[in-house]
Amino acid sequence: SVALGIMATRIISIICYLLINNITSTTLDEPIRLELIDGGEYEMSIDYCDLTIYDTDESTILLSMQAHCFCSYDSSTEISSNCSSPGPTLVVNPGTSFSITFYNNLEGDDN
């Protein structure tokens, strides 16, 4: 639709502005680096996280939205922590076998 096209154009414009001006202030952590060990079992969740980008003096919000993020997850407590977007960098050595269970904490329409 026209509205989605205008919104996409605006988001692309903001991203280009941010790249040109090297603005990096956000409310998300830097992507985590996971060094996976042989036989390791890991849990991660996919959540919504707040993302806020400010101008260079951090006084004006340029973009505020929710984004998909990837988090460390503890299924025994159902607590997500160390969230980042994009997801973590997985460091895997040749021959390493591991298991990752993802928990989808996103809510919304199933369509």
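pLDDT is the predictor's confidence in each residue, on a scale from 0 to 100. That score matters here, since this is a predicted model. Across the protein chain the mean pLDDT is 77. Of its residues, 68% reach 70 or more. Helix 1, residues 2-21, has the lowest mean pLDDT among the elements, at 59. Strand 6, residues 98-104, has the highest, at 92. Over residues 22-26 the pLDDT is below 50. Even so, this stretch has 14 contacts in the model beyond near neighbours in sequence.

Now the overall layout. The protein chain holds one helix and six strands. Read along the sequence, the pattern is α-β-β-β-β-β-β. Of the 111 residues, 25% count as buried. The accessible surface comes to about 8,000 Å². Carbon and sulfur atoms account for 52% of that surface. Take the contacts between residues at least 6 apart in sequence: 63% of them join residues at least 24 apart.

Turn to the strands. Strand 2 spans residues 40-54, and strand 3 spans residues 61-74. The two pair in the antiparallel sense over 11 bridges. The hairpin of strand 2 and strand 3 has six residues between the strands. In this hairpin, glutamate 58 takes a positive phi near 55 degrees.

Strand 3 also pairs with strand 4, residues 79-84. These two run antiparallel and are joined by four bridges. Serine 72 has serine 81 in strand 4 as its bridge partner. Tyrosine 73 stands opposite serine 80 in strand 4. The hairpin of strand 3 and strand 4 has four residues between the strands. Here glutamate 78 takes a positive phi near 55 degrees.

Last, the surface. Leu90, Val92 and Phe98 make a nonpolar surface patch of about 230 Å². Leucine 90 lies in strand 5, residues 89-91. Is leucine 90 buried, partly exposed or exposed? Its relative accessibility is 39%, so leucine 90 counts as partly exposed. The cut-offs settle this: buried means under 20% relative accessible area, and exposed means over 50%. Patch residues need over 30% relative accessible area, and leucine 90 has 39%.

Definitions and conventions:
Residues are numbered from 1 along each chain as its sequence is written. This is a predicted model: local features need pLDDT of at least 70, side-chain atom pairs count only at pLDDT 80 or more; totals for chains, interfaces and linings use all residues. Side-chain values use heavy atoms; hydrogens and water are left out. Patches are made of residues with over 30% relative accessible area and no salt bridge: like charges are joined within 9 Å, nonpolar side chains (Val, Leu, Ile, Met, Phe, Trp, Tyr) within 5 Å. Accessible areas come from the Shrake-Rupley method with a 1.4 Å probe; for residues, only the protein chains shown count as cover. A salt bridge is a side-chain nitrogen of Lys or Arg within 4 Å of a carboxyl oxygen of Asp or Glu. Buried means under 20% relative accessible area, exposed over 50%, partly exposed in between (1.4 Å probe, protein chains only). Two strands pair if DSSP finds at least two bridges between them. Contact means heavy atoms within 4.5 Å.
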